[in-house]
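This report walks through a few parts of one protein model.

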Amino acid sequence: MIECVPLDINVNKPPSPIGFEGFEKRIEISFSEPPIFKDPKGLGLRALTRSQINAILEAACCTIVSHLSNSELDSYVLSESSLFVQPYKIVLKTCGTTRLLLSIKPILELAASLSLSVFAVKYSRGTFIFPNDQHAPHNSFIDEVSVLNYHFAHLHAEAYVMGDSTSPNGSWHIYSACIEGATSAFRGLGTVEMCMTGLDRDKARVFYKEWGRGKMTEMSRVCEINPSHVICDFEFHPCGYSMNGIEGGAFSTVHVTPEDGFSYASYEAEGLESESIDLGTVVRRVVECFGPAEFSVAVTCNGGAEGWAMSNADVEGYWCENVVKQDLPGKRCIVYLTYSAMGRGGAMRTPQKAIL
């Protein structure tokens, strides 16, 4: 039986004299399976205790507010975004002024205690709305890459800033690394990440306590994006919303900062199947929930899946302003698209390679 378990705490959104930083930082670390005699039950990272999970989150400056599990993964809604734990992969996503990259050290130490070695890592984020509020090492992408290289220097790594750096919220920062010659472990479609700003005021109003009335998931129609996912949600006081959805080994997550002037929403899914769902359909469902003025879509594709990512880029009422495709280590690639409700046409851009 799958059950969403909320903790008995009242979580307020972190105060800010200017506004809350909605854009998340995200890290995904994959591990090679150990010899069967070292992990006979195949639990991997799912063998970690709650106190060990809390130690990882404490380093990143966030806490668990609810959790949801099935036979294949553990899902945690956090005070700032989400955590997903599979036997041999961990995905941590945090917003605000959290220090996500400081969680790498405890993750690697705990993984080593389980005889797990790193197979691949991916770090990604958009362009911060309030960059001057970030704490080290998130003051700049160069600093972030330096920290990542410190931990993963033994891997084949590349880093890029994709999109239009002159456009507000128009860039996607990506660091990708894996062991040399590794391709067989990257299967399926990969990950879809959407970032949305300038939310429609009426749609954003649902994510205030006095309007949502405990039914933000239904009123916003977030539950219709991936209708087969079992959802665990959390409503913040006085406003804000997070949810995780899971189905087998697949997951989705939504986070909303609805305040006018710096409104933001994100959507992410991993484990979608091209045979059962069209990317354009997913994007349109998400956009209908929030009505953003601008949004981006970043699809990390495993071998041969880039056609799915670029097959249907049309969204009614929006211009696709940028389409960038960049190859990544491990015969993967990332397709990054940006949209505007008042765009002036599309353009192909060359990603800027970061200093490694």
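Predicted model: local features only at pLDDT ≥ 70, side-chain atom pairs only at ≥ 80, totals over all residues.

Two strands count as paired if DSSP finds at least two bridges between them.

**Strand β2 and its partners**

Strand β2 covers residues 25-32. With strand β7 (residues 117-125), β2 pairs in the antiparallel sense over 8 bridges. Strand β2 is mostly covered, as 7 of its 8 residues are buried.

**E144 and its surroundings**

Residue Y123 also takes part in a side-chain contact with E144. E144 lies in helix α3, which spans residues 141-152. How far apart are the two side chains in their polar contact? The polar contact between the side chains of E144 and Y123 is at 2.7 Å. Leaving aside residues up to four places away in sequence, E144 touches L101, Y123, R125, F128, P137 and H138. Is E144 buried or exposed? The relative accessibility of E144 is 0%, so E144 counts as buried.

**Cysteines**

How many disulfides does the structure hold? The count is 0. C333 is in no disulfide, and the nearest cysteine sulfur, that of C301, is 4.2 Å away. C333 is buried, with a relative accessible area of 3%. C178 is likewise counted as buried, at 2% relative accessibility.

**Annotated positions**

An unreviewed UniProt entry carries the annotation "binding site" for F20, E80, F236 and E259. Two of these positions are placed here. F236 is in the loop between β11 (230-235) and β12 (241-247). E259 is in the loop between β13 (250-257) and β14 (264-270).

| Residue | Relative accessible area | State |
|---|---|---|
| E144 | 0% | buried |
| C178 | 2% | buried |
| C333 | 3% | buried |
| F236 | 5% | buried |
| E259 | 17% | buried |

The cut-off for buried is under 20% relative accessible area, so E259, at 17%, falls within it.

Methods: Residues numbered from 1 in each chain as written. Heavy atoms only, no water. Buried < 20%, exposed > 50% of the residue type's maximum accessible area, 1.4 Å probe, protein only. Helix = DSSP H or I, 4+ residues; strand = E, 2+ residues; numbered from the N terminus. Disulfide = S-S within 2.5 Å. Polar contact = N/O pair within 3.5 Å; in protein donor to acceptor, adjacent residues only side chain to side chain. Contact = heavy atoms within 4.5 Å. UniProt positions renumbered as here; feature names shortened; annotations may be inferred.
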